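Subject: Model handover

Dear colleague,

Here is the model you asked for, with its sequence. My notes on it follow below.

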Amino acid sequence: MDVFKSFISVMAYASLGFSLAAAYLKLNKIWKRKHIAEVANSVSIMGNVVDIIPLTFFALNFLLVAQWQGLIDSIIWIFAGALSVAIGSGMWVRNQPRKSFWKRLKEALRLERSEVGHLATTLFRPSGAELILEIFLRFAYIDRELADRERALIEGFANSWKLDIDWQAQAALAEEDRPTRLIETRRRVEAYVQTSPAPEQVAELMDILDALVAADDEVAEEEALLLDEVKGLLNTCIDDAAAGGGIQVVIAPQNPEQDSAIATMLPGVEKIAIAGGSGYLVGEYYSRSYAGVIRDQYRTLGFLTIELLSEN
């Protein structure tokens, strides 16, 4: 047992070399750049001070119990922290007006306080937060009425993501006609899907949309129709097998003039073979009701538009 204790004691002293090397390597990286303002601003003074305080008490405790390895290790890191604080204060930054160390330290702390929430905001704000908020707003106005509970729910997310909402400007969404409200909302969801969000985030988004639709204790026809379509679209991020809508909306030109007009109106739209001829594939959708909205839009323009079950 005495041999084992002696071995551990020797290795503890030897490990001080690793601590010294680690402290040196970390400081060396910023020491040669200490004169650059951006480097100085990147050093967290508060973080180093918070680190130095417990290290100081550890050092005093090690001194009282004559635990010299721990004492030396604490001193190494206290010195490294103090030097980092000095660098973070900007005392070596070039082309700066003459200021005392304490004044530089105060200015550095003020800057750090203004940035202290940046990491937390980044960690807890989902990717595409602005787009998600826009989807929430469009869903809330899909029935042309913004309920208090819908607004409170959306504001809760906006506040946690540090995003502002101009409610007066958003009220214009209620003035859009029904097809526009449905189509534009789906387009925002499609744009979100194209950002390749994590499946877990997509699943949470679908749960929130369910809650948003049910927030006013009444599910409007437009809300149910859109939610069904959007869930099918979002599910493609979770299940690859869900890619491709189940219903195709196709415009079938009745004469060469219509064929030319459709090709001009919808450049790049795929022309596919259908029973007895050919047609232009407007899109593939997940809800028959939503596909009907798209179909009716083109029928009002005088085109023969049909729905087909997708082969996918």
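Two strands are called paired if DSSP finds at least two bridges between them. Strands (E, at least two residues) and helices (H or I, at least four) are DSSP runs, numbered from the N terminus. The model is predicted, so local features need pLDDT of at least 70 and side-chain atom pairs count only at pLDDT 80 or more, while totals for chains, interfaces and linings use all residues. Residues are numbered from 1 along each chain as its sequence is written, and side-chain values use heavy atoms, with hydrogens and water left out.

The sheet

Four strands make up an open sheet, ordered β2-β3-β1-β4, with antiparallel pairing. At the edges are β2 and β4 (304-309), each with a single partner strand, so one side of each has no neighbour in the sheet. On average, neighbouring strands are turned by 45 degrees against each other, direction ignored.

The pairings are as follows:
- β2 (residues 271-274) and β3 are joined by four bridges, and Ile-272 stands opposite Gly-279 in β3. The hairpin of these two strands has two residues between them, and Gly-276 in it takes a positive phi near 80 degrees.
- β1 (residues 247-252) and β3 (residues 277-285) share five bridges; Val-249 has Gly-283 of β3 as its bridge partner.
- β1 and β4 are antiparallel and joined by six bridges, with Ile-251 partnered by Thr-305 of β4.

Helix α14 (residues 288-299) lies across β1, β3 and β4, at about 160 degrees to β4. Such angles run from 0 to 180 degrees between N-to-C directions, and axes are lines fitted to C-alpha atoms, for helices over the stretch in contact. Contact means heavy atoms within 4.5 Å.

A helix pair

Helix α7 (residues 129-140) packs on helix α11 (residues 199-214) at an angle of about 25 degrees, and their axes are 10 Å apart. The two therefore count as roughly parallel (angles under 35 degrees; over 145 is roughly antiparallel, 65 to 115 roughly perpendicular and the rest oblique). On the α7 side the contact includes Ile-132, Ile-135 and Phe-136, and on the α11 side it includes Gln-201, Leu-205 and Ile-208. By class, the contact residues are 10 nonpolar, one polar and no charged. Nonpolar here covers Ala, Val, Leu, Ile, Met, Phe, Trp, Tyr, Cys and Pro; charged covers Asp, Glu, Lys and Arg; the others, Gly among them, are polar.

Asp-228

Asp-228 is in helix α12 (residues 221-234). Its C-alpha atom is 9.4 Å from that of Arg-288, 60 residues apart along the chain.

Regards
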